Amino acid sequence: PDIKIITVSNGMKRKILEDYKDYDEKRLVPIRNGTDFTAEYRNSNLKKELGICNKKILLCAGTIGARKNQIQLLRVFQQDACLREKVYVIFCGKMAVRSTYNITDEIEKLNLTDCMLYAGVLQNEEMKRYYSIADALIMPSYAEGLSISALEAIAYGLPVIMYADSECADDLNDPKVVCLAGSHSDASMAEAIHEWYKKQWDSEYIKNYAKRFTMEKMAENYLEFYKKTISEG
């Protein structure tokens with residue numbers, strides 16, 4: 001009960017207080033994640049190589065597994081011919097150790113190879129090639145403190161699609177930056193993707209918004225927290 005806890009987002013603090021209602025809120029200190037990631041555009045024929053043509057691209061980055069919930073996107077696209085025609089989803093990230101499925105196999109089983117691809121584990125420079133051709137980042141995760149992938153995506157001026165109750169949503173809460181699914185249902189996620197597709201996004205606005213989440217600001221906040229804690233001790 002006496003310990004101080006730093007959370008990487010305001011949403012993480014909210015989730016902890018939902019589970020531990022009697023915990024002293026003052027001992028939970030949100031220090032938002034930051035990144036030193038620099039958006040660098042890579043002009044390449046990657047889109048042509050992948051055979052994507054004129055479809056809009058959703059990037060889904062992160063460990064492939066239950067918590068990240070990528071499997072939901074396969075269900076959503078299987079049920080929606082319109083999305084299959086207009087949108088292409090690229091998954092990237094390592095497979096979770098205890099993953100109960102192989103995402104490449106699942107894509108093939110559901111006949112989604114025309115609108116989905118598992119690109120595997122991508123290094124930093126490779127990720128920049130994919131961010132450069134993407135139109136948005138999608139995060140169907142059940143839990144996501146303050147995703148570094150989301151911070152990288154907005155640095156490229158890409159909007160983010162996620163659940164409204166995601167921990168990230170408390171800090172990335174600008175409708176000009178994010179598109180929120182009201183519930184965890186497949187129908188709600190499909191509706192959010194359609195909303196994103198139809199909306200005109202201002203990439204320059206999103207890039208400026210991303211400047212709130214620099215590594216320098218995060219470091220300053222950590223130093224300030226520890227100086228205060230030491231002085232109180």
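A charge is taken to sit over a ring if NZ of Lys or CZ of Arg is within 6 Å of the ring centre and within 35 degrees of the ring normal. By this criterion, the charged end of Lys-176 sits over the ring of Tyr-205, at 5.0 Å from its centre, and Lys-128 lies over the face of Phe-37, 5.6 Å from the ring centre. The model is a predicted one, in which local features need pLDDT of at least 70 and side-chain atom pairs count only at pLDDT 80 or more, while totals for chains, interfaces and linings use all residues. Residues are numbered from 1 along each chain as its sequence is written, and side-chain values use heavy atoms, with hydrogens and water left out.

The protein has 10 helices and 8 strands, where helices (H or I, at least four residues) and strands (E, at least two) are DSSP runs numbered from the N terminus. Its radius of gyration is 19 Å, close to the 17 Å that the globule rule gives for 233 residues, so the protein is as compact as a globular protein of that length; the radius is taken over C-alpha atoms, and the rule is 2.2 Å times the number of residues to the power 0.38. Along the principal axes, the C-alpha atoms fill a box of roughly 60 × 35 × 35 Å. Of the 233 residues, 46% count as buried, a class defined by under 20% relative accessible area, with exposed meaning over 50% and partly exposed in between (1.4 Å probe, protein chains only). Among contacts (heavy atoms within 4.5 Å) between residues at least 6 apart in sequence, 71% join residues at least 24 apart.

A search of the whole structure finds 8 aromatic pairs, where rings of Phe, Tyr and Trp (its six-membered ring) pair if their centres lie within 6.5 Å, planes under 30 degrees apart counting as stacked, over 60 as edge-to-face and the rest as tilted. Tyr-131 and Tyr-156 form a stacked pair, with 5.1 Å from centre to centre and 20° between the planes. This pair links distant parts of the chain, 25 residues apart, since Tyr-131 belongs to helix H6 (residues 124-133) and Tyr-156 to the loop between helix H7 (148-155) and strand S7 (160-163). Both tyrosines, Tyr-131 and Tyr-156, are buried. In the pair of Trp-196 and Tyr-197, by contrast, the ring centres are 6.0 Å apart and the planes stand at 75°, so the pair is edge-to-face; Trp-196 is buried at a relative accessible area of 1%, whereas Tyr-197, at 26%, is partly exposed.

Phe-37, Tyr-41, Tyr-131 and Tyr-156 form one aromatic cluster. Lys-128, whose place is in helix H6, is buried, with a relative accessible area of 6%. Apart from residues up to four places away in sequence, Lys-128 touches Phe-37, Thr-38, Glu-40, Arg-42 and Tyr-156.

The largest nonpolar core has 65 residues, and those with the most contacts inside it are Phe-77, Phe-91, Met-116, Ile-154, Leu-172 and Ile-193; such a core is a set of buried Ala, Val, Leu, Ile, Met, Phe, Trp, Tyr and Cys residues joined through side-chain atoms within 4.5 Å. Strand S4 (residues 87-92) supplies the largest share of this core, 6 residues. With neighbours within four places in sequence left aside, Met-116 is in contact with Leu-73, Leu-74, Phe-77, Tyr-88, Val-89, Phe-91 and Ile-107.
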